[in-house]
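Please go through this model helix by helix, and then look at the side-chain pairs that join the helices.

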Amino acid sequence: MSSLSSAEKDSIPSLWVMHAAALLVSGHMIDVEPRLQSAEQALQNTEPEKINSDLIGHIASIRATLAVSRHDADTIIAESLRALKYLHPHNLTIRAATAWTLGYAYQLQGKRVEAELSYEESLANSTRIGHHIITMMATLGMGNMQESNNQLHLAAEAYQQVVHMAGKPPLPIACEAHLGLARVHYEWNNLDVAMLHAQQSVQLAHQFVQTDRVVASELWLARVTLAKADLHKAAIMLGRINETAQRLNFTKVIPDITAAYVLVLLRQGDLKKQCDYHGTEIMRLVRPEYC
């Protein structure tokens with residue numbers, strides 16, 4: 001797709017959208033929006049009667065998925081509803097993807113019933129048409145809901161199913177399944193297994209560009225390291241993770257980093273002494289009056 005010239009893609013706007021979708025699946029999030037804008041610019045130069053409304057819906061659906069990487073529920077819902085407005089009723093592929101993005105937005109908002117219904121719709125449609133990627137995403141969504149409902153065995157089965165579907169070498173999306181398995185095995189106190197899954201999640205997450213997946217995966221790796229009583233290594237890991245989150249403005253995960261560092265300090269015994277010794281930004285986040 002990248003071998004085609006801009007003029008060639010301008011003449012067929014759907015090529016821009018196909019390129020954006022391919023970049024999205026491969027984890028190159030930062031490169032997706034410029035292609036969508038190029039598609040919209042090409043559509044503006046298209047005669048109105050020749051504009052395919054389904055393509056407009058596809059663009060909105062991709063934007064909803066981009067908003068998922070930012071955990072922006074309002075944008076996800078707005079773009080998803082726009083997608084459903086323009087998509088052809090028989091375009092089950094993009095409708096299944098859009099049902100998944102809606103499920104994620106509802107999950108962020110704590111609307112569990114709506115989230116489960118959306119994930120179930122996405123899974124039913126993707127299974128019906130045999131769409132591998134969306135089936136994996138919807139299965140992950142169902143696993144997330146099962147995990148939050150403390151149905152850990154069901155969640156583990158869902159995550160393991162995604163690992164199997166991801167193939168070898170695995171697709172980058174498998175990082176979420178390994179992260180889920182790391183959390184579940186952490187809860188079961190299977191720390192060696194949790195460590196392996198956290199390490200695999202970190203490795204796969206590095207294939208994504210400009211998302212917080214690496215930080216989320218490394219945070220769980222640090223938590224497992226802490227649970228295995230390697231306090232010094234966990235502290236170093238958390239300091240590095242915090243620097244990355246601050247630099248890339250991943251503010252959503254910073255409270256979780258801080259909470260993990262509190263546990264390190266408590267196990268080290270003297271919060272003020274450790275703060276004076278380390279002098280890091282995390283210490284100031286934990287208890288500003290100590291620093």
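Helix α8 has 17 residues, which should span 24 Å at 1.5 Å a residue, and its end C-alpha atoms lie 25 Å apart, in agreement. The expected span of a helix is 1.5 Å times one less than its number of residues. Helices are DSSP runs (H or I, at least four residues), numbered from the N terminus. Of the 17 residues of α8, 13 are buried, so the helix is largely enclosed by the rest of the structure. Buried means under 20% relative accessible area, exposed over 50%, and partly exposed in between (1.4 Å probe, protein chains only). After α8 comes N150, with a positive phi near 65°.

This is a predicted model, in which local features need pLDDT of at least 70 and side-chain atom pairs count only at pLDDT 80 or more, while totals for chains, interfaces and linings use all residues. Residues are numbered from 1 along each chain as its sequence is written, and side-chain values use heavy atoms, with hydrogens and water left out.

Helix α9 covers residues 152-166 and reaches 21 Å from its first C-alpha to its last, close to the 21 Å expected. Its buried residues, among them L152, Y159 and M165, pack against α8 and α10; contact here means heavy atoms within 4.5 Å. Just after α9, G167 has a positive phi of about 75°.

Y186 is partly exposed at 27%, whereas W220 is buried at 14%.

A salt bridge is a side-chain nitrogen of Lys or Arg within 4 Å of a carboxyl oxygen of Asp or Glu, and the count comes to 6. One of them joins E176 and R213, with the closest N and O atoms 2.9 Å apart. This pair links α10 to α12 across 37 residues. E176 is partly exposed at 23%, while R213 is buried at 18%.

Another salt bridge joins R63 and E33 at 2.8 Å, N to O. R63 is in helix α4 and E33 in helix α3, 30 residues apart. E33, E40 and R63 form a network of salt bridges.

Conventions:
Helices (H or I, at least four residues) and strands (E, at least two) are DSSP runs, numbered from the N terminus.
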